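Take a moment with the sequence and the 3D view before reading on.

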Amino acid sequence: QVQLVESGGGLVQAGGSLRLSCAVSNSIFSINDMAWYRQAPGKQREFVAVITSGASTNYGDSVKGRFTISRDSANNTVFLQMNSLKFEDTAVYYCDAGIKVPKGFMHSWGQGIQVTVSS
């Protein structure tokens with residue numbers, strides 16, 4: 001099966017930075033969009049950022065100007081550089097890969113990684 005493994009999370013003080021990585025393995029077909037979502041306790045999952053196969057990007061309003069998504073297509077890896085972190089960025093962050101299959105797209109999710117920002 002396709003697997004997504006996130007790394008780089010942890011505890012950071014407000015104003016600090018973290019860089020998340022998500023490596024996709026065992027993908028037979030090409031990967032289209034890759035995205036990050038997050039879910040804080042008691043909240044619905046929130047869109048954070050997406051990067052297309054053509055390297056176009058889009059961000060959720062709450063992270064614009066602070067987060068940067070990028071990808072290394074050769075290694076099937078997506079990154080999320082998080083700067084100027086705020087307490088409200090505390091959440092479990094999930095990586096999503098949209099994989100092109102013959103009949104459409106299949107989305108695979110990582111297990112999630114905790115990001116905690118101290119106030």
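In which loop does serine 84 lie? Serine 84 sits in the loop between β8 (77–82) and β9 (91–101). Keep in mind that this model is predicted.

Look at the backbone there. Serine 84 has a positive phi of about 50 degrees, yet it is not a glycine. Most residues other than glycine have a negative phi. What about its surroundings? With a relative accessible area of 42%, serine 84 is partly exposed.

Find it in the loop between β5 (46–51) and β6 (57–59).

Now step back to the whole chain. How many helices and how many strands does the chain have? There are 0 helices and 11 strands. Reading along the sequence gives the pattern β-β-β-β-β-β-β-β-β-β-β. The radius of gyration of the chain is 14 Å, close to the 14 Å that the globule rule gives for 119 residues, so the chain is as compact as a globular protein of that length. Its C-alpha trace spans about 45 × 25 × 25 Å along the principal axes.

How is the chain packed? Of the 119 residues, 41% count as buried. Residues 24 or more positions apart account for 54% of them. Charges come next. The chain has 10 positive and 8 negative charges, and their mean positions are 3 Å apart.

A covalent link comes next. A search of the whole structure finds 1 disulfide. Which residues form it? Cysteine 22 and cysteine 95 do, with their sulfur atoms 2.2 Å apart. The pair links distant parts of the chain: cysteine 22 belongs to strand β3 (residues 18–25) and cysteine 95 to strand β9, 73 residues apart. Are the two cysteines buried or exposed? Cysteine 22 is buried, and so is cysteine 95. The torsion about their S-S bond is about -90 degrees, so the disulfide is left-handed.

Start with glutamine 1, in the segment before β1 (3–7). Glutamine 1 is exposed, with a relative accessible area of 83%. Leaving out residues up to four places away in sequence, glutamine 1 touches Ser25 and Asn26. Serine 70 is 69 residues from glutamine 1 along the chain, and their C-alpha atoms are separated by 24 Å.

Then go to aspartate 33, in strand β4 (residues 31–39). Aspartate 33 is partly exposed, with a relative accessible area of 28%. What does aspartate 33 touch, not counting residues up to four places away in sequence? Its contacts are Val50, Ile51, Thr52, Ser53, Arg71, Asp96, Ala97 and Gly98. Now compare sequence and space for one pair. Aspartate 33 and valine 92 are 59 residues apart in sequence, and 20 Å apart in space, C-alpha to C-alpha.

Definitions and conventions
Residues numbered from 1 in each chain as written. Predicted model: local features only at pLDDT ≥ 70, side-chain atom pairs only at ≥ 80, totals over all residues. Heavy atoms only, no water. Helix = DSSP H or I, 4+ residues; strand = E, 2+ residues; numbered from the N terminus. Buried < 20%, exposed > 50% of the residue type's maximum accessible area, 1.4 Å probe, protein only. Disulfide = S-S within 2.5 Å. Rg over C-alpha atoms; globule rule 2.2 N^0.38 Å. Contact = heavy atoms within 4.5 Å. Lys, Arg positive; Asp, Glu negative; His and termini not counted. Charge placed at Lys NZ, Arg CZ, Asp CG, Glu CD.
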